[in-house]
Amino acid sequence: YSFPEDLAIVGFDDLPMCKNHRPTISSVHTDYEMLGKVSIQKMKELLGNPEQPRKLLSLVAVDLNVRESS
């Protein structure tokens with residue numbers, strides 16, 4: 001098999017090895033610092049308002065780094 005003609009590979013954590021591996025691996029990049037900040041802010045809001053519903057959906061934008069594997 002050859003990449004990406006026959007098979008595409010995409011990772012989710014965008015580890016440094018994605019750039020260093022050959023062929024380079026496409027991967028989703030998450031801004032974990034922003035994810036942490038948003039998570040802490042949401043926890044503070046929930047703790048500060050006990051009447052607020054406990055179900056929560058919070059999204060943080062991600063980027064797709066397209067490389068040789070796809």
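**Close-up views of a predicted model**

**View 1. Thr30 in strand S2.** Thr30 sits in strand S2, which covers residues 26–30. The model shown here is predicted. Thr30 counts as buried because its relative accessibility is 9%, and the cut-off for buried is under 20%. Apart from neighbours within four places in sequence, Thr30 is in contact with Leu35 and Val62.

**View 2. Helix H2 and its start.** Helix H2 runs over residues 32–48, 17 residues in total. From first C-alpha to last, H2 reaches 24 Å, close to the 24 Å expected at 1.5 Å a residue. At the start of H2, a side-chain oxygen of Asp31 comes to within 3.2 Å of the backbone nitrogen of Glu33.

View 3. Side chains of opposite charge can pair when their charged atoms come close. Lys37 and Glu33 form a salt bridge, with the closest N and O atoms 3.4 Å apart. Both residues lie in H2, four residues apart, about one turn of the helix. Glu33 counts as exposed, at 56% relative accessibility. Glu45 and Lys42 form another salt bridge, with their closest N and O atoms 3.8 Å apart. Glu45 and Lys42 are separated by about one helical turn because they are three residues apart in H2. Glu45 counts as partly exposed at 33% relative accessibility, and Lys42 does too, at 27%.

**View 4. The salt bridge between Asp14 and Arg67.** Asp14 pairs with Arg67 in a salt bridge whose closest N and O atoms are 2.9 Å apart. The pair links distant parts of the chain, 53 residues apart: Asp14 is in the loop between strand S1 and helix H1, and Arg67 is in the segment after S3. Both Asp14 and Arg67 are buried.

Note on methods
Residues numbered from 1 in each chain as written. Predicted model: local features only at pLDDT ≥ 70, side-chain atom pairs only at ≥ 80, totals over all residues. Heavy atoms only, no water. Helix = DSSP H or I, 4+ residues; strand = E, 2+ residues; numbered from the N terminus. Expected span 1.5 Å × (residues − 1). Polar contact = N/O pair within 3.5 Å; in protein donor to acceptor, adjacent residues only side chain to side chain. Buried < 20%, exposed > 50% of the residue type's maximum accessible area, 1.4 Å probe, protein only. Contact = heavy atoms within 4.5 Å. Salt bridge = Lys/Arg side-chain N within 4 Å of Asp/Glu carboxyl O.
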